[in-house]
Amino acid sequence: MGKKTSKNKQQKSAQEKLALKKQKQKQENIKFAVITAAIILVITVTIVLTVILTRPYNYVIMTVSYTDNNNQMHTGDIVIELDSSAAPITVDNFKNLVESGFYENLSFHRVIKDFMIQGGAPATGTDVASIKGEFSENGVNNPLKHERGVISMARADDPNSASSQFFIVHKTSPHLDGKYAAFGHVISGMEYVDGIAEMSTNASDKPIKDAIIVSATLSKKP
């Protein structure tokens, strides 16, 4: 009888030890799972933040204001996506001007319906350095076509005379391809381009009423 009782106690003790071992293992597994999940979360957050922080400023939000031919005022955003792969020098130059606040309160001074609207002429006394013209006739491979909504640099006869003036194509103009440095396109707000293009102009294609660039800011997303 005594031996049987002792054997039962040993079996019970062994079972309790096994149960404790299983419970401890379960706790260790839970702890490992929690630590693993925490590490994965930290890595994920780090990757997301890195992507966000290192994402290039590939968009320009240009707020414009103009009064149409019926004396109705319009204000809105023209959002432009820049293409540095097509014209890196031009994009960098445009970004620098935007970031400096250069375009604020300048006007679209040349408007031709079914062709383009042009802006960015420097204020009197302001000197802006010229950049290399990034287009095929100047020895640079630029695949962008002058389709409706494309933004491109205005220039004089010198192929390397572009500085700050740009134009947005109102109607596809293939005759400009290879002759001017296109560097992006409008992704929203073409209705404001259309509205400015409809404005009455004088003999020099200058709008009779002002069409103003209220502000231009760089953005990482549209």
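Let's start with Asp194, which is partly exposed at a relative accessibility of 24%. By the cut-offs used here, a residue is buried under 20% relative accessible area, exposed over 50%, and partly exposed in between, using a 1.4 Å probe and counting protein chains only. The model is a predicted one, in which local features need pLDDT of at least 70 and side-chain atom pairs count only at pLDDT 80 or more, while totals for chains, interfaces and linings use all residues. Residues are numbered from 1 along each chain as its sequence is written, and side-chain values use heavy atoms, with hydrogens and water left out.

**The overall layout**

The protein chain contains three helices and eight strands. Helices (H or I, at least four residues) and strands (E, at least two) are DSSP runs, numbered from the N terminus. Read from that end, the elements follow the order α-β-β-α-β-β-β-β-β-α-β. Of the 222 residues in the protein chain, 36% are buried. Its accessible surface (Shrake-Rupley method, 1.4 Å probe; for residues, only the protein chains shown count as cover) is about 13,200 Å², and carbon and sulfur atoms hold 55% of that. Contact here means heavy atoms within 4.5 Å. Among the contacts with a separation of 6 or more, 70% join residues 24 or more positions apart.

**Inside: the cores and helix α3**

A nonpolar core is a set of buried Ala, Val, Leu, Ile, Met, Phe, Trp, Tyr and Cys residues joined through side-chain atoms within 4.5 Å. The largest one has 36 residues, and Met62, Ile78, Phe94, Tyr103, Phe108, Phe166 and Ile196 have the most contacts inside it. Helix α3 (residues 190-197) supplies the largest share of this core, with five residues. Another core lies apart from it and has seven residues, including Val150, Ala154, Phe167 and Val169.

**Salt bridges across the chain**

A salt bridge is a side-chain nitrogen of Lys or Arg within 4 Å of a carboxyl oxygen of Asp or Glu. By this rule there are three. In one of them, the side chains of Asp194 and Arg148 meet at 2.9 Å, N to O. Asp194 sits in helix α3 and Arg148 in the loop between β4 and β5, so this pair ties together parts 46 residues apart in sequence.

Glu198 and Lys113 also meet through their side chains, at 3.3 Å from N to O. This pair links distant parts of the chain, 85 residues apart: Glu198 is in the loop between α3 and β8 (211-219), and Lys113 is in the loop between β3 and β4.

Lys179 bridges to Glu137, with the closest N and O atoms 3.4 Å apart. Here Lys179 comes from the loop between β6 and β7 and Glu137 from the loop between β4 and β5 (150-153), 42 residues apart.

The table shows the accessibility of partners in these bridges.

| Residue | Relative accessibility | Class |
|---|---|---|
| Arg148 | 41% | partly exposed |
| Glu198 | 42% | partly exposed |
| Lys113 | 44% | partly exposed |
| Lys179 | 32% | partly exposed |
| Glu137 | 55% | exposed |

Is His170 buried or exposed? His170 has 9% relative accessibility, so it counts as buried. It lies in the loop between β6 (166-169) and β7 (182-188). Its side chain reaches the backbone nitrogen of Asp114 at 2.9 Å. Not counting residues up to four places away in sequence, His170 touches several residues, among them Lys113, Arg148 and Asp194.

Asn93, in helix α2 (residues 88-99), is buried too, at 13% relative accessibility. A polar atom of the Asn93 side chain lies 2.7 Å from the backbone oxygen of Ser163.

**Out at the surface**

Asp114 is not a glycine, yet it has a positive phi of about 65°. Asp114 belongs to the loop between β3 (108-112) and β4 (116-119). Asn71 likewise has a positive phi, near 65°, and is exposed, with a relative accessible area of 56%.

How values were computed:
A polar contact is a pair of N or O atoms within 3.5 Å; within protein, one must be able to donate a hydrogen and the other to accept it, and residues adjacent in sequence count only if both atoms are side-chain atoms.
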